[in-house]
Amino acid sequence: IRLSLVGSEMCKETVNYIEKNFARAISIEEIAQWCHFSQSHFMKFFKNCTGTSFITYLNDYRLIIAARILKTTTQPVIIVASDCGFDNISYFNRKFKEKYGVSPREFRK
């Protein structure tokens, strides 16, 4: 996860918002309103700011946190997924495997 425009205060604030709220559902509509942008303007702004889409960034951040939790606790995978904002365990498993090359259970071992 990188910020290409480090000097952009709005970019930093948006990333901070994601880091504080990643565990719950965050819609593009919600975050665009929070930034006082239209949804289309927000999506362009965010891609410019981070080099990736909002959904990709949010999922990537959630997966990084999930990986930390998996390595440091014995919480069931379904609880880790839920605590990191994934309400669908199949989607979580698929995204986790795409990012880390193994399932969450294999990653933990």
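Tutor: A disulfide is a pair of cysteine sulfur atoms within 2.5 Å. Please keep in mind that the model is predicted.

Student: What makes Cys11 and Cys49 a disulfide?

Tutor: Their sulfur atoms are 1.5 Å apart. The cut-off is 2.5 Å, so the pair qualifies as a disulfide. The structure holds 1 such link. With 55° about the S-S bond, the link is right-handed.

Student: Which parts of the chain does the link of Cys11 and Cys49 join?

Tutor: It links distant parts of the chain, 38 residues apart: Cys11 belongs to helix 1 (residues 9–21) and Cys49 to helix 3 (residues 39–50). Both cysteines are buried.

Student: Why is Cys35 too far from Cys49 for a bond?

Tutor: The closest cysteine sulfur to that of Cys35 is in Cys49, at 9.1 Å. A disulfide requires sulfur atoms within 2.5 Å, and Cys35 is therefore too far from Cys49 for a bond.

Student: How do you know whether Cys35 is buried or exposed?

Tutor: Buried means under 20% relative accessible area. Cys35 has 2% relative accessibility, so Cys35 counts as buried. The same test applies to Cys84, which counts as buried because its relative accessibility is 0%.

Student: Why is Thr50 called buried?

Tutor: Its relative accessible area is 3%. Thr50 lies in helix 3.

Student: What makes the approach of the Thr50 side chain to the backbone oxygen of Thr52 a polar contact?

Tutor: The side chain of Thr50 reaches that oxygen at 3.0 Å.

Student: Which residues have the most contacts inside the largest nonpolar core?

Tutor: They are Phe42, Phe54, Cys84 and Phe92, in a core of 31 residues. Two or more residues each come from helix 1, helix 2 (28–35), helix 3, helix 4, helix 5 (77–83) and helix 6 (89–100). Helix 4 gives the largest share, 10 residues.

Student: What is the make-up of the lining of the largest pocket, by class?

Tutor: The lining has 6 nonpolar, 4 polar and 2 charged residues. Arg62 and Asp87 are among the lining residues, and Asp and Arg count as charged. Helix 4 (residues 54–72) supplies the largest share of the lining, 4 residues. The space in this pocket is about 170 Å³.

Definitions and conventions
Residues numbered from 1 in each chain as written. Predicted model: local features only at pLDDT ≥ 70, side-chain atom pairs only at ≥ 80, totals over all residues. Heavy atoms only, no water. Buried < 20%, exposed > 50% of the residue type's maximum accessible area, 1.4 Å probe, protein only. Polar contact = N/O pair within 3.5 Å; in protein donor to acceptor, adjacent residues only side chain to side chain. 1 Å grid on protein atoms, 1.4 Å probe; cavity = no way out; pocket = protein on both sides within 12 Å on 5 of 7 lines; lining within 4 Å. Points joined across faces, edges and corners; volume = space filled by probe spheres on them. Core = buried A, V, L, I, M, F, W, Y, C linked by side-chain atoms within 4.5 Å.
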